[in-house]
Amino acid sequence: MADFILEIGIEEMPARFVPRLGEDIKTIFNNLLNQHLIDFSKISAFATPRRLSVFVADIALDQRKVEEEVSGPPARIAYDADGKPTKACQGFAKSQGITLEDIYIIKTDKGDYLGAKKSIGGSATVAILPEICVTAIKKLSFPKKMKWGSLDFAFARPLRWLLCLCGEQVIDFELAGLTAGRQTYGHRVMGAGPWNISSASDYFNVIEQNCSVNISPEERGKLVRSEGNKLAAELSGAVVWKESLLEEVSNLVELPMPIIGNFDKSFLELPKEVLLTSMESHQKCFGIEKSDGNLLPHFLCTLNLIPKDMDLVRKGWEKVLKARLEDARFFWAKDLGTELNFWLEKLEHVVFLGPLGTMGDKSRRLESLAALIAGKVDPDLQTEMARAGRLAKADLVSEMVNEFDKLQGLMGGIYALKKGEEDVVCKAISEQYLPAGPESPVPSTIGGSILSITDKADTLVGCFGLNKIPTGANDAYALRRAALGIIRMILEFKLSVDILEIFDMAYDGYSKDIKWKLDKAEILEKLGEFVSNRLRAYFTGVGYETRVVDAALGAGIRDVNALKARVEALSEFAKKEEFEQSVLTFKRASNIIRKQGSEAGITLTGGYEVEKLIEPQEKALATKLDDTAARFEELWENDDFTKLIGIIDELRPFVDDFFDNVMVISDDESLKINRLNLLKALVDRLSRLADFSALQV
């Protein structure tokens, strides 16, 4: 046994490339070692902007030996009439590296074939590792690759060195004009090197002590967080941590050194969102806040070295941030002096999406649609939501959002409040882009949800009308995210809306002059399918069985909250012992209706005449259907799907008796139609709960 280390030295990579690299090379190396029958106890990987390392503990010095049976050509062509081996037999032996005496006959259903036992493995690990290393490096993928010099090799950034050791032995291979050796390079300032590594087990000590490098992204992140918290606590404050930024900062440095910087208190007149965005986006810094949530005139930045003169470095950071904050203060003052109507006028000259007109057109559509949706949800909000819709996009032409596009919506809400708009309007504007993703929170107010649904529905209808429908992984306009956002908001606020009606109203809000690529019916049909798929992804994503979700979807998607209740009730029903038999019973009824009704060209209404039924079992089923009808409707009005599913348990024995004792397809045409209509009434009622044909058992 020995330890193994491979380190790939790289020109500084973008921070966004780093997080996946460690996991990727770990997975790739693990698979390659297993494929080559090389045992080991543990594999670890590490990544920094300048190096990618994979460490294998207790790697076996030789491959495992494995014996496997191989088959060859048919026996009938392997030997001649005298029983001597033919060229086919000799070729098989040669190709497998065995003697003729090692060959035997394998009897199969297709006849007799040559067979032999073959041993594989047993080679020295050091002889195989060069191929594994080259393959692993070439298998790494990146968002973008580049070539350099005259080399025909692509990687995220140019390779600068290769270190590869198994125990004390160098694993010699060449790649990208480099030869692997035992040298590594450290931090550019704190321990440049080169440094020799005597053995793989010494790698970590040299990297930490001589190179001054922290190779673990997780450890770098923990260090920044813990030191940052200590520094902020000394100021009686707390760091405003943003997890995505912390990950980015951790992957920008090899030797993290958090320090506190300061800025003039006068900048605190700017909104907190502006200050944080300026710090985070441009300077990769974190704000410091008091216990009441207001910011302190300090910030946390992360150096990539331990400076000789800390004050000098701090002043440099402060100088750069001050320039950024001065710009923000200028934008703030200019925007506050601008009337909302001026911005609304400028929207008339900003294109929304090709044939769909300008952002001014969109804002008028949002004004109308938001009022309509509010009328369905909370009529008292109609006036405010109309105003919020009209002002929703005004901040897109503000100076601040032009500089910090991440603040769109947020600044709109702040500016609206400063210019005298009602609180509910301002809050809705500020929350209109939520949720921004599957993990992003939904708006905190019903007004924010109404405006967000309005905006997303308008975009969905417009894009589908232009046939810009997502295919595969392609979703340029984030329409899947928009549909999922609408679903989440309806569920979160339990909004009593018809999701397909919202799209219908959104379509009607568009100008009649738009040259659509699809007609209205096709747009709404495709949107219905699209939303159904998003609902399926949502419910299966939170743990419900696919068959249960599909069955619930088959009963309709218009009322999303009712759909959720059906999914929950069906999920509980599926856990019962009688579930499978119930499904088979009702699927049988559904199949009969389909085959004897629509497929046979017979129109069934579900209207049956009890007095024309003959057998006691069909009369009992009809009586039970009648007896449970009123209760079913009452439970339906209250969306009590658990009790509605319970009615299935009541009906099933009567349906089973019906099928056991009644011949549906009677020679008497009138009786047959009456019996089919009885089943149609049953199926129509149950299909409001689920599509039982989707419940495969």
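**Entry 1: a sheet**

I began with strand E15 (residues 286-289) and strand E16 (residues 295-303), which pair in the antiparallel sense over three bridges. I took two strands as paired if DSSP finds at least two bridges between them; helices (H or I, at least four residues) and strands (E, at least two) are DSSP runs, numbered from the N terminus. Within this pair, Phe 286 has Leu 300 of E16 as its bridge partner.

I noted that the model is predicted, that local features need pLDDT of at least 70 and side-chain atom pairs pLDDT 80 or more, and that totals for chains, interfaces and linings use all residues. Residues are numbered from 1 along each chain as its sequence is written, and side-chain values use heavy atoms, with hydrogens and water left out.

I then traced the sheet around E15 and E16: it is open, has four strands in the order E13-E15-E16-E14, and its pairing is antiparallel. Strand E13 (238-239) and strand E14 (257-262) are at the edges with a single partner strand each, so one side of each has no neighbour in the sheet.

**Entry 2: helix H19**

I looked up which residues of helix H19 (residues 546-553) are buried. They are Val 548, Val 549, Ala 551, Ala 552 and Leu 553, where buried means under 20% relative accessible area (1.4 Å probe, protein chains only). Their cover includes helix H18 (520-541) and helix H20 (560-573).

**Entry 3: the largest pocket**

I used a 1 Å grid over the protein atoms alone; a pocket is an open set of points where a 1.4 Å probe fits, with protein on both sides within 12 Å along at least five of seven lines, and lining residues have an atom within 4 Å of a point. A volume is the space filled by probe spheres set on the points.

The largest pocket has a volume of about 1,300 Å³. Of its 35 lining residues, Lys 406, Gln 408, Tyr 433, Leu 434 and Ala 436 lie nearest the centre. Helix H7 (272-283), helix H10 (359-377), helix H15 (446-465) and helix H16 (479-493) are the elements that give two or more residues, and H7 gives the most, with six. By class, I recorded 17 nonpolar, seven polar and 11 charged residues in this lining.

**Entry 4: the second largest pocket**

I found about 320 Å³ of space in the second largest pocket. Its lining has 18 residues, with Pro 19, Pro 217, Glu 218, Glu 247 and Asn 251 nearest the centre. Helix H1 (18-35) supplies the largest share, five residues.

Methods:
Buried < 20%, exposed > 50% of the residue type's maximum accessible area, 1.4 Å probe, protein only. Contact = heavy atoms within 4.5 Å. Nonpolar A, V, L, I, M, F, W, Y, C, P; charged D, E, K, R; others polar.
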